Amino acid sequence: MTATQHEPGRTGRGSDAPASTKPRRRWGRPTLYTSYGQEMALLNTRAKQLGVLAIIAVAAYLPLTLEDDLLALLGTGLVLAVGAIGLNLLIGYAGQVSLGHAFFVGVGAYTAAVLAGDPDGRYLGFGVSEAPVWIVAAGVVAALFGVVVAPLATRLRGLYLAVVTLGLVFIGQYFFAEWREMSGGPGIGRESAVPVVLGNDLTRDGAYTEEQKLFWLFLVVLVIMALLGRNIARSRIGRAFAAVRDRDIAAGVMGVELGRYKLIAFTISSFFAGVCGSLLYVGSGQFSPEQFGLLLSVQFIAMVLIGGVATISGSIMGALLIALLPRLSSELPAFLPFVSSSPTDHPNVFEVEVGLYGALIVAFLLFEPRGLFGIWLRIRTYWKSFPFSY
Amino acid sequence: MSAPQTVEQTEAQTVEPVLVVDDVRLTFGSVTAVDGVSFDVRPDELFALIGPNGAGKTSVFNILSGVYRPQQGSVKLHGHELVGMRPPAIARLGMARTFQNIELFANLTVLDNLMLGRHQHIGYGPLAALAWVGKARREELAHRARVEEIVDFLELTAWRTLPVGLLPYGVQKRVELGRALAMDPRLLLLDEPVAGMNQEETEDMARFIVDIRSELKVPMIMVEHDMGLVMDLADRVLVVDFGSPVATGTPEQVQRDPEVIRAYLGADA
């Protein structure tokens with residue numbers, strides 16, 4: 001009596017199914033599924049498939065049209081999006097509030113810089129130059145730190161967990177600052193990892209500029225990480241996260257081990273943070289310990305809240321908005337003459353920028369709790385039912 | 001004289017009880033919630049647990065599912081001692097339950113809630129989930145098919161893809177029953193399955209409970225205040241009052257028991 005067929009043995013469209021039995025999708029019936037495989041696919045409507053393809057195509061084309069400084073900013077947004085997805089898996093899906101994300105980003109950044117660093121240079125380095133290697137390594141090392149931290153944090157919940165993870169940021173900053181051989185010390189910093197992909201140094205301008213090549217690298221990494229994030233979210237693991245978040249006693253009675261899934265959430269989230277950290281300062285070429293402070297953690301939380309809690313696409317939108325915020329506020333003096341671009345005058349663009357973070361978080365929590373993703377949902381629903389309002 | 005006795009004994013041995021609760025006692029400080037409760041549940045049996053408000057019925061359920069740990073006594077499911085085990089481990093042994101106040105995952109769809117019931121039967125780990133292709137996808141598809149059978153069984157088709165929080169109360173109760181059934185339970189605990197339901201919803205739920213017993217052959221323990229339902233459906237009834245067992249027997253025996261009448265209606269009745 002179910003709307004769709006069910007055959008436990010042979011379930012739908014798979015690579016093993018003969019080509020002739022491959023179900024065809026029909027235009028005009030986007031939610032007509034003839035197999036569970038179709039319905040459970042990542043992009044389960046034609047509109048989603050084409051839409052995501054179009055967005056990726058436009059993003060891949062951007063470097064050919066935009067100026068390098070804007071491109072660098074957007075590239076940073078893409079890298080931040082990886083970290084935001086990681087934090088959203090932890091906060092949005094698993095419901096574990098963490099202020100310690102900056103610490104794991106820092107671990108990733110230093111792992112990458114140390115691995116890729118010049119062995120004969122001033123700071124610690126092992127000369128592993130291939131970017132895919134140190135990107136993955138940075139993720140893995142950060143994930144290991146996540147494993148170590150998780151048991152402490154899983155004994156607490158809510159506000160207490162937030163405070164404990166806050167402590168993590170300060171401990172991390174202390175170690176980053178004091179281990180000068182690795183980090184270069186506060187205020188000085190060290191060089192970041194130089195991205196080399198298959199022997200090509202991306203920081204050298206060739207047929208394309210450094211910013212263009214880095215943007216493409218970041219885009220590829222983000223697409224891969226977003227895919228991994230979505231897979232986790234729709235899997236048994238993601239469902240268990242949601243169970244732990246929504247009702248932990250019922251989750252236990254259903255056979256979900258709370259501690260285990262909090263540990264997995266921290267580990268995966270830290271992996272994403274590590275990958276984000278490894279690439280975050282590649283564009284600027286230099287970073288110092290104080291960059292992994294509370295502000296970075298708060299920015300990540302802002303990305304999650306503004307983008308949309310428990311959504312992957314929302315995390316990306318939130319990260320891009322936060323990354324573009326300094327640029328947006330620097331354009332303000334043209335529209336608002338009383339805002340000065342000089343740091344000595346008041347009010348200046350830097351003050352406005354800090355104020356905007358807070359204002360955005362407050363405004364979104366009050367008026368659009370589902371974030372940018374919620375705004376997208378409204379637009380979509382409006383056009384789906386157009387010209388009727390319901 | 002001795003021959004019929006041995007026949008009865010061997011019969012009793014072959015019908016081994018699914019669950020044996022022996023002299024369980026649970027206290028919170030100086031309050032005794034459950035005091036010396038003992039009963040057993042046989043295969044295919046619908047066992048009812050009744051008593052006035054605050055008698056300790058839900059506390060018994062919480063002991064069975066591992067949420068509370070009793071100070072004394074033993075609980076054995078198919079011979080496994082449950083006291084001291086944590087809820088997920090008890091769930092893996094085949095204990096499933098519903099809750100008095102619905103404990104569904106309100107943000108998830110009906111299908112996802114049921115898939116969470118399958119959690120312990122799905123085997124792939126985090127790395128397979130990251131990659132999705134291969135093992136994770138295969139298992140998701142197979143268990144999705146199993147979940148659709150439950151959707152069909154409980155007539156939840158129309159609500160499958162809606163978030164549970166948006167559904168009417170009676171349907172939510174049914175989804176919760178479905179989530180417990182998705183666990184492929186060897187013993188099902190129903191905590192007030194028809195509480196707050198109107199006549200029609202109550203009859204629907206009663207029919208599902210009868211179907212579970214006759215088609216799925218899952219033994220059940222039911223806590224319920226609707227006496228009509230209990231007396232119609234239950235094979236045996238245990239009456240508790242102030243945490244202590246008052247009487248055990250068939251619905252007819254229990255209804256005639258003077259102690260039970262006193263517990264429900266007061267001493268002078």
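Biologist: Okay, domain bounds come from an automatic or database domain assignment. Which domains does the assignment give for chain A?

Modeller: Domain 1 covers 1–41 and domain 2 covers 49–294 of chain A. Their C-alpha centres lie 36 Å apart. Before we go on, this is a predicted model: local features need pLDDT of at least 70, side-chain atom pairs count only at pLDDT 80 or more, and totals for chains, interfaces and linings use all residues. As for labels, residues are numbered from 1 along each chain as its sequence is written, while chains are lettered from A and ligands numbered from 1 in the order in which they are written.

Biologist: What pLDDT does chain A average?

Modeller: The average is 87, and 93% of the residues score at least 70. That's the predictor's confidence in each residue, from 0 to 100.

Biologist: Where in chain A does pLDDT stay under 50?

Modeller: Over residues 1–20 of chain A. The model has 34 contacts beyond four places in sequence for that stretch, a contact being two residues whose C-beta atoms, placed from the backbone, lie within 7 Å. Where pLDDT is low, the predicted coordinates should not be read in detail.

Biologist: Now H11(A). Buried or exposed?

Modeller: Of its 23 residues, 19 are buried, so H11(A) is largely enclosed by the rest of the structure. Buried takes 20 or more other C-beta atoms within 10 Å of the residue's own, exposed is 12 or fewer, and partly exposed is in between, with C-beta atoms placed from the backbone.

Biologist: How far apart are the end C-alpha atoms of that helix?

Modeller: They are 32 Å apart, which agrees with the 33 Å that residues 258–280 should span at 1.5 Å a residue. The expected span is 1.5 Å times one less than the number of residues.

Biologist: Switching to the interface. How many residues of chain B are in contact with chain A?

Modeller: 38 residues of chain B, against 33 of chain A. Helices H3 (87–92), H4 (110–117), H5 (126–131) and H6 (135–153) of chain B each give two or more residues to that side. H6(B) has the largest share, with 10 residues.

Biologist: What does that side have by class?

Modeller: The chain B side has 23 nonpolar, six polar and nine charged residues. Ala, Val, Leu, Ile, Met, Phe, Trp, Tyr, Cys and Pro count as nonpolar, Asp, Glu, Lys and Arg as charged, and the others, Gly among them, as polar.

Biologist: What order does the open sheet in chain B have?

Modeller: E2-E1-E4-E5, with antiparallel pairing. Strands pair if DSSP finds at least two bridges between them. E2 (31–41) and E5 (80–81) of chain B are the edge strands.

Biologist: How many bridges join E1(B) to E2(B)?

Modeller: Eight, and B:Leu26 stands opposite B:Val34 in E2(B). E1(B) also pairs with E4(B) over five bridges, where B:Val21 has B:Val75 as its partner.

Biologist: Which residue takes a positive phi in the hairpin of E4(B) and E5(B)?

Modeller: B:His78, with phi near 50°. That hairpin has two residues between the strands, and two bridges join E4(B) to E5(B).

Conventions: Helix = DSSP H or I, 4+ residues; strand = E, 2+ residues; numbered from the N terminus.
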